[in-house]
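Please look over the sequence and the structure shown here before reading on.

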Amino acid sequence: MFRHLFTLLYLLCSVAFFCRADESDKLHIASLHPLLGDMARQIGGDRVVVIDLLKPNGNLHTFEPSPKDVAAAGKATLMLASGKNLEPYLTRLKEALGASVTVLELGANVPDVAIAVDSADTHHHHHHGGGSCSHCCHHGPNDPHWWHTPANMKIAARTLTTKLIELLPAHQNQFRQSLFRWNRTMDQLSAWARTELNLIPTHKRILVTGHAAMNHFCKEFGFRSISVQGISKEDEGHAAQLANILKKLRAAEVRAVFPEYSASPKSLEEIAKSLHIPLAEPLNTDGLSPSETDFATMFRKNVGIIRKALSSSND
């Protein structure tokens, strides 16, 4: 009996040892966005271990890595960032991590798209609160939310694959095959989206959101982007500002307004009620919904919401 027990303990210890050895043989990656972490898992496959520092339901624009996050990132070889000035803490984080961790900005090679100049809000410099990003202007004149098109995700995946091959050249064939599958999926998503969005007449292709997060999507799929930058009841001059926004939206003949996941819809509800137009389902603009932590799921959900709201609105 003791001999069998010893044998069982030996086997369990052996399995644990080899599991730890297998784990240490993998490339450890820290990610500053769930969508980037998912991409790393899909491209890297069983050769990577990914830890997401920014979790679903987090706040993309107020997130600051905690000492615990920095410690976790310090154990990684590679850290993935969105780039495009989206992470204002990135320089400090690089300094804290030192040269042992390579920081890769996956949005670096994605072409810039400027924030639409016809935003309904003329007070971009105010912080209105209550929204997922009422201060996008702090990131510069361009929209840093580049992950809203399959074409951009292909560019980012190519950047990631190049780095993975550099770090693990023995597995380059595996990474290239993963990239091929990724690109095929992105092409299928793009074709599907164009079919869906073609159901929306050109004059209805106006996307009104709380903050300027859909400019990449709008440029790719032929929409006009208007952001109202979340107005709260506490804002000084709220009535005059709201009147100005309503005037601009009436002139544009908008057909629906789109709240955003995790942002308060109150100001958009007020706008929709005043204009007698529908308030659509919330869009996942920051990519942080816990039910849509991969690009394909998020993209399909957003396209479906837009198509439903604008193709069915009254002429």
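Predicted model: local features only at pLDDT ≥ 70, side-chain atom pairs only at ≥ 80, totals over all residues.

Residues are numbered from 1 along each chain as its sequence is written, and side-chain values use heavy atoms, with hydrogens and water left out.

**The sheet**

- An open sheet is formed by 4 strands in the order β2-β1-β3-β4, with parallel pairing; strands (E, at least two residues) and helices (H or I, at least four) are DSSP runs numbered from the N terminus, and two strands pair if DSSP finds at least two bridges between them.
- The edges are taken by β2 (48-52) and β4 (102-105), each of which has a single partner strand, so one side of each is left without a neighbour in the sheet.
- From one strand to the next the twist averages 25°, where axes are lines fitted to C-alpha atoms, for helices over the stretch in contact, and angles run from 0 to 180 degrees between N-to-C directions.
- Strand β1 (residues 27-31) pairs with strand β3 (residues 78-81) in the parallel sense over 3 bridges, and Met 79 in β3 is the bridge partner of Ala 30.
- Helix α2 (residues 34-44) packs on the sheet and touches β1, β2 and β3, its direction making about 170° with that of β2; contact means heavy atoms within 4.5 Å.

**The nonpolar cores**

- A nonpolar core is a set of buried Ala, Val, Leu, Ile, Met, Phe, Trp, Tyr and Cys residues joined through side-chain atoms within 4.5 Å, and the largest one here has 68 residues, with Met 79, Leu 160, Phe 217, Phe 258 and Ile 306 having the most contacts inside it.
- Helix α10 (residues 295-311) gives the most to this core, contributing 8 residues.
- Leaving aside residues up to four places away in sequence, Phe 217 touches several residues, among them His 148, Leu 197, Phe 299 and Ile 306.
- A second, separate core of 16 residues includes Val 228, Leu 249, Ala 252 and Leu 268.

**Two residues with positive phi**

- Lys 84, in the loop between β3 and α4 (90-97), has a positive phi of about 55° although it is not a glycine.
- Lys 84 is buried, with a relative accessible area of 14%, where buried means under 20%, exposed over 50% and partly exposed in between (1.4 Å probe, protein chains only).
- Asn 85 also lies in the loop between β3 and α4, and its phi is near 65°, a positive value in a residue other than glycine.
- Asn 85 counts as exposed, at 56% relative accessibility.
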